[in-house]
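Subject: The structure for you to look through

Hello,

Please read it with the model open beside you.

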Amino acid sequence: MAQKTFSPTWESVKTHSLPQWYDDCKLGIFIHWGLYSIPAWAELTWELGAAPSENEWFKHNPYAEWYLNTIRMEDSLAHKHHNETYGSDFPYEKFADSFTCENWNPDEWAKLFKQAGAGYVVLTTKHHDGFCLYDSQYTDYNTVNMGPKRDLTGELTKAVRAEGMRMGTYYSGLLDWTTYPYPTYGNIKEDYNRTYAFADYSLNQATELIDKYSPSLLWGDIGWPEKGIENLPWLFSHYYNNVPDGVINDRFSCDWYDHSTAEYLLGTRSLSKKWEMCRGLGLSFGYNMCEGDDTVLSSRDLVRLLVEYVSHNGNLLINVGPRADGTIPEIQASRLRDLGAWLEKYGDAIYGTRIWEEKQKDTLENGAEVFYTRNGADLYAIIDNLPDGMDKVILPICSQELHVERYSNYPVPVKLEGYF
């Protein structure tokens, strides 16, 4: 069958279909890594969506990757921390001199992500601080010209694909704090460079990522410059023509997307339209040296989240925040290995499944919770919080007593073979 050709119109772009691979693999790894990984500092406050107000969220931001924005607020603890640690005359951009990634091995990362059971990886090629992890022809503020003098995006893309996973590129198209010197307190879509030149810069760099790396996911964030929205049909058609089974998320300030997104407590979770939860293992995406077991998900809770989201038509894009030297903290790596071990044993209840339209969850009289997934003719009932000492359940959907194999305190699937 001939490959479909997309034209640079909304009518044509909107004929693209979500590729099956994305709906099948369920799990991706997000990576926030950049200059903010050097200070690696943020307050330990709230999950996104739990702050008392937007102003409080940004002033006490737990996202370490927002470090530059937060230190611009003279009454913030981050501003105080920066001055005491680096000096009031130390500009954020100077971190590029020491972002050398001296212990980074992209093959080791890729092997860990594969071991975790992930089907795709998404790297922040340029976050809101404007620093690029690839050789952009549109700015010298990048890792090939500065810091490690390496194309981090290209090296990781090669390693990820060698492990049989798909590679995606995150790109911040709306915010670039190198062009907007004021802190954002909440009105994000107003606080950015509003020139046509900046809109063209974002378009050129996004096109550059497509042409250089053919990413399986084009992952936007926050939005897109208002003066450049008219160019999105061209950008999306260019992407789909180069990557026919590519995926675009819902953060481009337009009404077209292949899947919607949620983030911690915010976002859309739909049973009819594919969605993805992105979140950190802790409160932050970028590495925050202040985080420990009290704020980082346990392995059990990580598995529970994956089960919950998959049963409700979602994917999980779980984030790791590497150190500046390129190593992944053990508290994060251990969670990924434990998740992979669970998926190695019970992946048939996750990979390639679809929602059961009749119901997604039951709560039993003994307090146990049941999440349902469907794989062809089989129904999986994934049992969580089964009381100690019990290994049998009777589900509301059938009168048969079913044996539950215990796997420590993790959720465990029971297969109802040929249920449909």
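A cavity, on a 1 Å grid over the protein atoms alone, is a set of points where a 1.4 Å probe fits but cannot get out, whereas a pocket is an open set with protein on both sides within 12 Å along at least five of seven lines, and lining residues have an atom within 4 Å of a point. Grid points are joined across faces, edges and corners, and a volume is the space filled by probe spheres set on the points. Please keep in mind that this is a predicted model, in which local features need pLDDT of at least 70 and side-chain atom pairs count only at pLDDT 80 or more, while totals for chains, interfaces and linings use all residues. Residues are numbered from 1 along each chain as its sequence is written, and side-chain values use heavy atoms, with hydrogens and water left out.

Cavities

By this rule there are two cavities of 30 Å³ or more. The second largest cavity holds about 40 Å³ of space, and among the residues that line it are Trp-33, Tyr-36, His-127 and Phe-131. The largest cavity holds about 50 Å³, and its lining includes Trp-41, Lys-59, Tyr-63, Trp-66 and Tyr-67. Sorted by class (Ala, Val, Leu, Ile, Met, Phe, Trp, Tyr, Cys and Pro count as nonpolar, Asp, Glu, Lys and Arg as charged, and the others, Gly among them, as polar), the lining of the largest cavity has six nonpolar, three polar and two charged residues.

The largest pocket has a volume of about 690 Å³, and of the 33 residues that line it, Leu-48, Ile-188, Ile-222, Glu-263 and Leu-266 are the closest to its centre. That lining divides into 17 nonpolar, nine polar and seven charged residues. The second largest pocket has a volume of about 230 Å³, with Leu-68, Arg-72, His-79 and Phe-90 among its lining residues. Helix H5 (77-86) gives the largest share of this lining, three residues, where helices (H or I, at least four residues) and strands (E, at least two) are DSSP runs, numbered from the N terminus.

Helix pairs

How do helices H8 and H9 lie to each other? The axes of H8 (residues 196-213) and H9 (residues 232-242) come within 10 Å and cross at roughly 5 degrees, which makes H8 roughly parallel to H9. Axes here are lines fitted to C-alpha atoms, for helices over the stretch in contact, and angles run from 0 to 180 degrees between N-to-C directions; those under 35 degrees count as roughly parallel, over 145 as roughly antiparallel, 65 to 115 as roughly perpendicular and the rest as oblique. The axes of H6 (residues 106-115) and H11 (residues 330-346) come within 7 Å and cross at roughly 40 degrees, and these two helices are therefore oblique to each other. Their contact, meaning heavy atoms within 4.5 Å, is made by Leu-112, Phe-113 and Gln-115 of H6 and by Ala-333, Leu-336, Arg-337 and Gly-340 of H11.

Aromatic rings

A search of the whole structure finds 41 aromatic pairs, in which rings of Phe, Tyr and Trp (its six-membered ring) have centres within 6.5 Å, with planes under 30 degrees apart counted as stacked, over 60 as edge-to-face and the rest as tilted. Tyr-63 and Phe-285 form an edge-to-face pair, 5.1 Å centre to centre with 85 degrees between the planes, and this pair links distant parts of the chain, 222 residues apart.

Best wishes
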